[in-house]
Structures are given as C-alpha cells and as structure tokens.
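I opened this entry to record what I looked up, one item at a time. The sequence and structure come before my notes.

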Amino acid sequence: MALQYVCIQCGKAAENLFRRYSSELIEVCKCKTCGNVVDHYIEYDNVIIFIDSILLRIQAFRHLLYNSELRFGWAFRLFMLTSICEAYHHWAVEHKGQQAITAAIEVSFYVKLLSAFTGYSSKVIIHICS
C-alpha cells in the first residue's frame, strides 16, 4: 500500500510530494485540484515549520500530520505548546488592561486552556471523519 499525501493548501489527496529526476534534482508536484504546490514545507527547515505551527497555520499542521515522518513525542509537545499559546492569547485579550491577577482571573486562564484542548481535538476528529 502506497503512502497517500495531502495537499497542504486544499486538503485533497495527492500521489506524490515531489519527482526525483536525479540524485541532485527534484521537482515539487502541483496539486491536481487547486494547482498549488502540494507541500512546499518539504524544502523548509524544521524551525520554519515550527514557527508556522505556533502561528497556527493550517498548512503547517497538514504537513506535520500527513506529509512528514513525525514522531509522536514531538507532535504531542507541539500540540501542548500551541494549545497553551492559543489559550494565553484568548485569556490576555479578555483581561486586557487589568493590573492585578486574582484567583478568578487565573482560573479563567485554565478554562481557556481546556477550551483550546477540546477545540483542537474536535477539529482533528472532524477533519479525520470528513
């Protein structure tokens, strides 16, 4: 059974990420559905992919989940980090301008964190089922 890749732009299945013409020459493949490059992250350094995932770019997540050889430990740490960043962002926007951090405000951060976790898990489940 051959690996099935996914276009990071439109999410449709793709046969290949690139074509190899020689040991030094490859060409990235274009998606048959949207016409964009299937996965431009194959040419990028891991730091760029990491930064794009912190910025919550869906293309970076599609690359990591479908088109890369990803170890679970790394994916879990990335999931935790992005969830914490998203929760902090929502919490900071909600409590902008408040000087003192009370216990109630701290609890609201943990509520936002739980919301971020459940939001990610439901998005993943919906994407897998579709």
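Entry 1, a residue in a helix. I began with E86, which sits in helix α3, residues 72-94. The model is a predicted one. Is E86 buried or exposed? I found a relative accessible area of 18% for E86, and since buried means under 20%, E86 is counted as buried. I then looked up the separation between E86 and L55, which are 31 residues apart along the chain. Their C-alpha atoms lie 9.2 Å from each other.

I listed the secondary structure and got four helices and four strands in the protein chain. In sequence order the elements run β-β-β-β-α-α-α-α. I noted that the protein chain has 130 residues and that 25% of them count as buried. For contacts I took residues at least 6 apart in sequence; 45% of these contacts join residues at least 24 apart.

I looked at helix α1, residues 46-54, and helix α2, residues 58-67. At what angle do the axes of α1 and α2 cross? I read roughly 125°, with the axes coming within 7 Å. An angle of that kind is neither roughly perpendicular, which runs from 65 to 115 degrees, nor roughly antiparallel, which is over 145, so α1 and α2 are oblique to each other. The crossing of α1 past α2 is left-handed. Which residues make the contact? On the α1 side I wrote down I49, D52 and S53, and on the α2 side A60, F61, H63 and L64. By class, the residues of this contact are four nonpolar, two polar and one charged.

I returned to D52, a residue of helix α1, because its accessibility was still to be checked. D52 has a relative accessibility of 10% and therefore counts as buried. Leaving out residues up to four places away in sequence, I found that D52 touches Y41, R57 and A60.

C7 takes part in none, and the nearest cysteine sulfur, in C10, is 3.7 Å away. C7 has 0% relative accessibility, so I noted C7 as buried.

Notes:
Residues are numbered from 1 along each chain as its sequence is written. This is a predicted model: local features need pLDDT of at least 70, side-chain atom pairs count only at pLDDT 80 or more; totals for chains, interfaces and linings use all residues. Side-chain values use heavy atoms; hydrogens and water are left out. Axes are lines fitted to C-alpha atoms, for helices over the stretch in contact, and angles run from 0 to 180 degrees between N-to-C directions. Helices (H or I, at least four residues) and strands (E, at least two) are DSSP runs, numbered from the N terminus. Angles under 35 degrees count as roughly parallel, over 145 as roughly antiparallel, 65 to 115 as roughly perpendicular and the rest as oblique. A crossing is left-handed if the near helix is turned anticlockwise from the far one by less than a right angle, and right-handed if clockwise. Contact means heavy atoms within 4.5 Å. Ala, Val, Leu, Ile, Met, Phe, Trp, Tyr, Cys and Pro count as nonpolar, Asp, Glu, Lys and Arg as charged, and the others, Gly among them, as polar. A disulfide is a pair of cysteine sulfur atoms within 2.5 Å. Buried means under 20% relative accessible area, exposed over 50%, partly exposed in between (1.4 Å probe, protein chains only).
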